[in-house]
Amino acid sequence: MSLRRHTLLYSMVFVLLLFLAACGGTANGDNGSNAYTTPQSNAVTPTPTTGGDGYGNGNGSGGNSGGTSGVVIKTASATIESKAATILTDTKGMTLYYFTPDTASKVACTDGCAQSWPPLLYSGSDTPQASSKLSGQLATLDANGGKQVVYNGHPLYTYSGDSAAGQTNGQGVGGKWFVATVDLGQNKA
């Protein structure tokens, strides 16, 4: 290979490593950089619904009186690491993730981390809702400058590395980020 190709290749690897180093960071500096895995592309089929935009802004029907203004979660069928699963998405179909260092009462992903992993925030005054019945419980936690949506005690995030609905590029990043599924167990931390 020519010197020009080597330089280009090394530059691309360097940029990729910088991007991965920015993912999964926490306020305490533990970004899991020793455990990165290569994200997998997984097929996702969003479940069609109507309603809000995933951030508490509905279609004008108001409150929880039969309208959909509180809908912030949808479900979709996906294949995650060769297994079929029903995953959680925002109303735009963007995959939702949870971060294992988070507890039911405190988020560990703040500041720079929250730029790579934007939290799913809710602006309503009631409890956030899903477009279909979930086996777990939705709630909110005061965090990241608003009310962050929580499923079974796990604060939920989207991933800046997903550029379109249905992508699951954040699965397994840093060994700490995982796709939120409908059967996600209660956060005991």
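1. Basis of the reading. The model is predicted, so that local features need pLDDT of at least 70 and side-chain atom pairs count only at pLDDT 80 or more, while totals for chains, interfaces and linings use all residues. Residues are numbered from 1 along each chain as its sequence is written, and side-chain values use heavy atoms, with hydrogens and water left out.

2. Confidence. The average pLDDT of the chain (the predictor's confidence in each residue, from 0 to 100) is 75, and 63% of the residues score at least 70. Over residues 15-68 pLDDT stays under 50, and for this stretch the model has 107 contacts beyond four places in sequence, a contact being heavy atoms within 4.5 Å. Where pLDDT is low, the predicted coordinates should not be read in detail.

3. The disulfide. The structure holds one disulfide (a pair of cysteine sulfur atoms within 2.5 Å), formed by Cys109 and Cys113 with their sulfur atoms 2.0 Å apart. Because the torsion about the S-S bond of Cys109 and Cys113 is about -105 degrees, this disulfide is left-handed. Cys109 is buried, at a relative accessible area of 0%, and Cys113 is buried too, at 4%; buried means under 20% relative accessible area, exposed over 50% and partly exposed in between, with a 1.4 Å probe and protein chains only.

4. Thr140. This residue lies in strand 7, residues 138-143, where strands (E, at least two residues) are DSSP runs numbered from the N terminus. Thr140 counts as partly exposed, with 33% relative accessibility. Beyond its neighbours within four places in sequence, Thr140 is in contact with Tyr122, Pro128, Lys147, Gln148 and Val150. From Thr140 to Pro155 the C-alpha to C-alpha distance is 8.0 Å, and the two are 15 residues apart in sequence.

5. The largest pocket. Its volume is about 180 Å³, a volume being the space filled by probe spheres set on grid points joined across faces, edges and corners. On a 1 Å grid over the protein atoms alone, a pocket is an open set of points with protein on both sides within 12 Å along at least five of seven lines, and lining residues have an atom within 4 Å of a point. Of the 13 residues in the lining, Ile80, Ala85, Gln171, Val179 and Thr181 are the closest to the centre of the pocket. Strand 3 (83-89) and strand 10 (177-179) are the elements that give two or more residues to this lining, and strand 3 gives the most, with three residues.

Note on methods. On a 1 Å grid over the protein atoms alone, a cavity is a set of points where a 1.4 Å probe fits but cannot get out, and a pocket is an open set with protein on both sides within 12 Å along at least five of seven lines; lining residues have an atom within 4 Å of a point. Helices (H or I, at least four residues) and strands (E, at least two) are DSSP runs, numbered from the N terminus.
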